[in-house]
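User: I have some questions about the labels used for this protein. Please set each value against its cut-off.

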Amino acid sequence: MKILMISCTFPYPPTLGGTHVRTFNLMKYLSQHHHVILVTQRSPDVTDAEVERLRDWVQDVAIFPPPGASAGQGSLGKVKRFAKFLSQGTPPNVLSRYSPKMQHWVDHYVESVMAKGQNSEFAITCEHSVNEIYVRPEWAEAIASVVDIHSSVYGTCRQLLETNTSENPLRDRLQLPLLQKYEQRYCSKFSGVVVTTTDDQQQIKDLNPNAKISVIPNGVDLEMFPVREVDPGGHRLVFVGAMDILANIDAVRFLALEVFPLIRLRYPDATLALVGSRPVAEVQELANQPGVTVTGQVPSIAEYLHQATVCVIPMRTGYGIKNKTLEAMAAGTPVVASDRGLEGLSVDGPNIPLRALRANEVNEYVTEIGRLFEDRRLRDQLSVNARRLVERDYTWEVAGDRYSSLLTELSAGKS
């Protein structure tokens with residue numbers, strides 16, 4: 001079948017964050033079994049070499065420039081988009097990525113499919129909810145369409161307010177009821193909704209009881225994240241993630257400023273590596289803390305995971321399954337993580353092999369990290385059990401096969 005994948009995020013290289021990783025790997029799998037047409041936007045930092053490399057992985061690519069200053073990217077544009085959100089219900093971050101030229105191309109392509117009567121062999125996917133704006137409600141009856149939302153925008157905003165981690169509480173309190181209505185509206189125009197965890201499935205089901213919701217978790221490229229050959233021992237901690245994402249910024253500051261100083265009191269030689277691209281000033285300044293290193297982008301995340309004694313994932317916000325957790329588990333690095341960091345994963349409990357240690361409060365992190373520093377057998381147990389889980393349930397082949405089956409099923413009923 002033909003699959004039109006819409007992604008405002010340019011999905012290459014697939015190492016820049018969760019959206020890049022998920023979109024690229026689903027596209028890569030689908031391209032092995034179907035004819036995929038990727039429609040995307042090229043941000044200024046995307047190189048010609050990266051464009052050509054992306055073309056190697058997909059049958060067709062239509063690339064558009066992102067909306068520029070002329071489209072209202074300045075302060076006045078932000079005010080206008082927020083006013084439009086209040087009056088029409090579409091969030092500013094969706095409007096800021098909207099390209100009329102890209103919309104015209106999508107419209108023309110879908111109309112040509114319908115004119116040729118190819119509806120039953122065609123599907124549209126929106127890779128992240130920000131792309132839903134390009135799918136017209138009137139296509140619902142004739143064309144199979146899926147929104148892969150990655151995480152609930154309403155649920156995420158509500159969580160930021162509940163955990164007091166919002167950058168702008170006044171704005172978010174104003175937006176919350178609008179986001180609820182927005183998510184209800186956009187989900188209703190799709191044949192199917194894809195989420196990564198059962199928590200997000202419940203979020204969307206509460207808003208849209210009649211929606212067809214499928215849980216398709218993230219995966220790991222096992223070649224990029226081989227299991228480590230030796231346990232390095234020592235007292236080395238690592239956190240991995242894009243360092244310009246609010247949830248990661250909150251997590252690393254909590255880890256470096258509240259948890260790690262207490263670890264250093266017990267283990268004076270302990271180190272903490274904060275590994276990830278685009279570190280903002282709030283992250284860079286953490287390098288001033290004793291034992292803390294901020295690396296920026298690195299050639300191989302797996303190498304840093306292999307060198308670490310423990311990977312700590314103290315996420316306090318953000319719905320959806322975490323790539324960083326799966327990658328650490330695939331690499332065989334023992335994990336200590338919060339409930340948010342372990343969302344969607346069966347890692348402990350009755351009749352479940354222990355695959356990670358759970359912590360949510362400062363004292364819990366200090367205790368669980370200390371346990372792993374002191375107990376090599378426990379580290380080995382987590383390493384083996386976690387890798388087995390990833391190999392069985394969390395590869396991109398598993399996720400891609402589920403995605404392909406869903407698209408085939410939904411398109412078969414269209415004419």
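Analyst: Phe64 is buried, with a relative accessible area of 12%. Buried means under 20% relative accessible area, exposed over 50%, and partly exposed in between (1.4 Å probe, protein chains only). This is a predicted model, where local features need pLDDT of at least 70, side-chain atom pairs count only at pLDDT 80 or more, and totals for chains, interfaces and linings use all residues. Residues are numbered from 1 along each chain as its sequence is written, and side-chain values use heavy atoms, with hydrogens and water left out.

User: Why is Trp105 called partly exposed?

Analyst: Its relative accessibility is 27%, so Trp105 counts as partly exposed. Tyr109, at 16%, counts as buried.

User: How many aromatic pairs does a search of the whole structure find?

Analyst: The search finds nine. Rings of Phe, Tyr and Trp (its six-membered ring) pair if their centres lie within 6.5 Å; planes under 30 degrees apart count as stacked, over 60 as edge-to-face and the rest as tilted.

User: What makes the pair of Phe64 and Trp105 edge-to-face?

Analyst: The planes are 70 degrees apart, and the centres 6.5 Å. Phe64 lies in strand β3 (residues 60-64) and Trp105 in helix α5 (residues 100-115), so the pair ties together parts that are 41 residues apart in sequence. Helices (H or I, at least four residues) and strands (E, at least two) are DSSP runs, numbered from the N terminus.

User: Why is the pair of Trp105 and Tyr109 called stacked?

Analyst: Their planes stand at 15 degrees and their centres are 5.4 Å apart, so the pair is stacked. The two residues are four apart in helix α5, about one helical turn. Phe64, Trp105, Tyr109 and Phe122 form one aromatic cluster.

User: How do you know that Cys157 is in no disulfide?

Analyst: A disulfide is a pair of cysteine sulfur atoms within 2.5 Å. For Cys157, the nearest cysteine sulfur is that of Cys187, 16 Å away. The structure holds zero disulfides. Cys157 is buried at 5% relative accessibility, and Cys311 is buried at 2%.

User: What makes β10 and β13 edge strands?

Analyst: The open sheet of six strands runs β10-β9-β8-β11-β12-β13, with parallel pairing. β10 (292-296) and β13 (357-358) each have a single partner strand, so one side of each is left without a neighbour in the sheet. Two strands pair if DSSP finds at least two bridges between them. Strand β9 (residues 271-275) and β10 have four, in the parallel sense. Val275 has Gly296 in β10 as its bridge partner.
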